[in-house]
Amino acid sequence: MSKLDITVGGLYVSKLINVIKSRNRNHHKLLNVNCRHSDAFVYILSGSCSYKFDDGTEFSVNGGDLIYLPHNAKYTMFIHDDNYRFMFCDFKFDSPEPRQSFAFTPKNPSQTENSFIRLLNLHSSRTPYARAEAVATLYSIYGSVIAARNETYIAGTLKERIRRAKEHIDSNFGDDSLNVTRLAEMADISEVYFRKLFKIEYGCSPSQYILSERLKNAKIFLRYPFLTVEECAAKSGFSSVQYFCRVFKKELGVTPSKYRKRL
């Protein structure tokens, strides 16, 4: 049975139960939780710990990381050191659906820690509006979780688009109409942003990569004596033999004909 990702489920908090700051006081290394009584956000202050869930999910966390533990979750904790300190908020979402656990590192851990400290102080306060403010703070933590997870997803999606564009170049270098504008349109990204992401991922501009692939394959075609230089140029994706010869000599220091003779 698939489990709900709370960052896309549009869930509401039905009850704020408790907020606690704690540590591994009894120095247990291995703890088993057979059925968690509530949902929880846990912020790790220091130390490290590994979690293994009955659905096969596993992750390790360190100081500065944030965990979501779902209601009814079954898991084992292996605490790596005695300095494992954390803050957590027990609450309940309004949905009975099984939910996915996860852990990640917030972009601004100190801000996340401050939110948990504020939540702890509000929960223990007896002022008239403290309860409402505590729930609002919990929602702000939940909101930051959604934003961070979505940002990670978008980043991963963009990386996949750039990878597919690179594979398209590898397979279609011989198409003389192949260019950066077309690749950016295929990836559904602006051309400027596409160039930037491609260079970050592969260390060169997409134009340089297209040219290098065409030259690499042109050198292979030149090994076959039954292919003319013009045919080698066309098969490699160069729009004219004159342009091919000019670029080839500029990059390799010799003309295609002299390169062929050296073979």
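I take contact to mean heavy atoms within 4.5 Å. With that cut-off I looked up aspartate 65, which touches Val42, Tyr43, Ile44, Ser60, Phe104, Thr105 and Pro106 when residues up to four places away in sequence are not counted.

Before going on, I note that this is a predicted model, in which local features need pLDDT of at least 70 and side-chain atom pairs count only at pLDDT 80 or more, while totals for chains, interfaces and linings use all residues. Residues are numbered from 1 along each chain as its sequence is written, and side-chain values use heavy atoms, with hydrogens and water left out.

**Entry on aspartate 65.** I placed this residue in the loop between β5 (58–62) and β6, where strands (E, at least two residues) and helices (H or I, at least four) are DSSP runs numbered from the N terminus. Aspartate 65 is buried, with a relative accessible area of 8%; buried means under 20% relative accessible area, exposed over 50%, and partly exposed in between, with a 1.4 Å probe and protein chains only. I also found that its side chain reaches the backbone nitrogen of asparagine 62 at 2.8 Å.

**Entry on the sheet.** I traced an open sheet of five strands in the order β1-β8-β3-β6-β9, with antiparallel pairing, two strands being paired if DSSP finds at least two bridges between them. β1 and β9 stand at the edges, each with a single partner strand, so one side of each has no neighbour in the sheet. The twist averages 15 degrees from one strand to the next.

I then went through the pairs of strands. β1 is joined to β8 by nine bridges, and leucine 16 has phenylalanine 91 as its bridge partner in β8. β3 and β8 pair over seven bridges in the antiparallel sense, with isoleucine 44 opposite phenylalanine 86 in β8. Between β3 and β6 I found four bridges, and alanine 40 has leucine 69 as its bridge partner in β6. Seven of the nine residues of β8 are buried, so this strand is largely enclosed by the rest of the structure.

**Entry on the cores.** I looked for nonpolar cores, that is, sets of buried Ala, Val, Leu, Ile, Met, Phe, Trp, Tyr and Cys residues joined through side-chain atoms within 4.5 Å. The largest has 27 residues, of which Ile6, Phe41, Phe91, Phe93 and Leu138 touch the most other members. Elements giving two or more residues to this core include β1 (13–23), β8 (85–93) and α2 (130–172), and α2 gives the most, with seven residues. Leucine 138 touches Val13, Leu16, Phe41, Cys89, Phe91 and Leu119, again not counting residues up to four places away in sequence. Apart from this core lies another, of 17 residues, with Tyr51, Val61, Ala73 and Tyr75 among them.

**Entry on α4 and α5.** I checked the axes of helix α4 (residues 191–202) and α5, which come within 9 Å and cross at roughly 60 degrees; axes are lines fitted to C-alpha atoms, for helices over the stretch in contact, and angles run from 0 to 180 degrees between N-to-C directions. Phe194, Arg195 and Phe198 in α4 meet Pro206, Ser207 and Tyr209 in α5.

Asparagine 217 also lies in α5 (residues 206–221), and this residue is buried, with a relative accessible area of 12%. A polar atom of its side chain lies 2.7 Å from the backbone oxygen of glutamate 213. Leaving aside neighbours within four places in sequence, I found asparagine 217 in contact with Phe173 and Ser236.

Key. A polar contact is a pair of N or O atoms within 3.5 Å; within protein, one must be able to donate a hydrogen and the other to accept it, and residues adjacent in sequence count only if both atoms are side-chain atoms.
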